[in-house]
Amino acid sequence: MHWTTLIALALALPSSAVVRFHCSQLVTQRLDPLVTPGLMPSPHVHQIVGGNSFNATMSPSKDMPAESTCTSCQFAEDFSNYWTAILYFKAQNGSYKRVPQLGNNQFRNATGGLTVYYMQDAIYDQEQKSKVTAFKPGFRMFIGDLFARTLADAARFRQLTYTCLDTFVTRSPERIDFPKRKCPEGIMTSLRFPTCWDGKNLDSPDHMAHMAYPETGTFESSGPCPSTHPVRTAQVMFEVVWDTKPFADLEWPKDGSQPFVWSFGDATGYANHADYVFGWKGDALQRILDSPCNFNTPNCTEAKAPKQSIEMMNKCTQKPVIEEDIDSWLPVLPGGYTAQYGPISA
């Protein structure tokens, strides 16, 4: 079934929540308060969306709703921060140029950023009847492996994918490495987080161990959570649309390989990863998950969840605290990285 058909079905059903909304770009810079808290600059460039209290440390005790004065997300009570690495194009002379993001389908006027989903069940499940628990203040998680350069490295993660956009609403097929051809409307990355929480820890040393995949089956098949991680949460998913069109007429590698590389040097695509720090106000997320607040419905009135316009989302920005050029044609990637096409040492 086509993704656009799924959206239309969800909009027509009085079910519980499949929440889909956009967050415009807040800031793009080398900060990563989850993996390298306090380090200024962090090793590689990220694009960050959400509440404007984002900073280099993001202590678990930080009151993100109270400290933020705006959010770049559509839900006005979502002061969480969501971030991913940045994509670059590598020219045949060895220089690099940042690939911009686009507003996603239904959010074309947004300033880049990414689209966020919170799902109770598989996106194609019309009932969305599973009870899920919202995250708690201080919760954060990470998914992916910065050092993955092979299929075997990436295989332990589920559904960190790429879609070559033949049209702007293309959503399949998905693959776990970079597309090997020119994509007429860009490349979309989709990043899905695990859905079973240990119920105790808001974080873990690797920012992943407090979360797990279902013990058997998958999230989509309603597989049960393991006893070590018994609390079923919503599945958080990001979609990011990368505007590769400006690079289509430039010279590409003559050997048939693709020219894109992540800001930390991965040119295979296997190291796709994402970060999430929860920052919803009060019980706003739980109210939404307990209500028929499907996709981009106008009001989500039962959840009493106010939304803001794309114009207001776009106005919520931060000035980078790391002053460096990340947008010009660069001889190396910010932080000194170069493209890597094979296994590297961790």
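F89 counts as buried because its relative accessibility is 0%, where buried means under 20% relative accessible area, exposed over 50% and partly exposed in between, with a 1.4 Å probe and protein chains only. F260 also counts as buried, at 3% relative accessibility. This is a predicted model, in which local features need pLDDT of at least 70 and side-chain atom pairs count only at pLDDT 80 or more, while totals for chains, interfaces and linings use all residues. Residues are numbered from 1 along each chain as its sequence is written, and side-chain values use heavy atoms, with hydrogens and water left out.

The structure holds 25 aromatic pairs. Rings of Phe, Tyr and Trp (its six-membered ring) pair if their centres lie within 6.5 Å; planes under 30 degrees apart count as stacked, over 60 as edge-to-face and the rest as tilted. F89 and F260 form an edge-to-face pair, 5.7 Å from centre to centre with 65° between the planes. The pair links distant parts of the chain, with F89 in strand β5 and F260 in strand β16, 171 residues apart.

Helices (H or I, at least four residues) and strands (E, at least two) are DSSP runs, numbered from the N terminus. Two strands pair if DSSP finds at least two bridges between them. Strand β5, residues 87-90, pairs with β16 in the antiparallel sense over three bridges. F260 in β16 is the bridge partner of F89.

These strands belong to an open sheet of three strands, ordered β6-β5-β16 with antiparallel pairing. β6 (96-98) and β16 (260-262) are the edge strands, each pairing on one side only. From one strand to the next the twist averages 35°, with axes taken as lines fitted to C-alpha atoms (for helices over the stretch in contact) and angles running from 0 to 180 degrees between N-to-C directions.

## Other rings

Y118 and Y276 have ring centres 6.4 Å apart and planes at 70°, so this pair is edge-to-face. Distant parts of the chain are linked here too: Y118 lies in strand β8 (residues 114-119) and Y276 in strand β17 (residues 274-277), 158 residues apart. Y118 is buried, with a relative accessible area of 0%, and Y276 counts as buried at 0% relative accessibility.

Both tyrosines belong to a cluster linked by ring pairs, which also includes F21, F75, Y82 and W197. Elsewhere, the charged end of R108 sits over the ring of F168, 3.7 Å from its centre. The criterion is NZ of Lys or CZ of Arg within 6 Å of the ring centre and within 35 degrees of the ring normal.

Strand β2 (residues 25-29) is largely enclosed by the rest of the structure, because five of its five residues are buried. β2 pairs with strand β3 (residues 46-50) in the antiparallel sense over four bridges, and Q29 stands opposite H46 in β3.

L160 lies in strand β10 (residues 160-164) and is buried, with a relative accessible area of 8%. Leaving aside residues up to four places away in sequence, L160 touches I143, G144, R175, I176, S190, L191, R192 and N272, where contact means heavy atoms within 4.5 Å. L160 and I176 are 16 residues apart in sequence and 6.2 Å apart in space, C-alpha to C-alpha.

## The chain as a whole

The chain has five helices and 17 strands. Of its 346 residues, 58% count as buried. Residues 24 or more positions apart account for 74% of the contacts with a separation of 6 or more.
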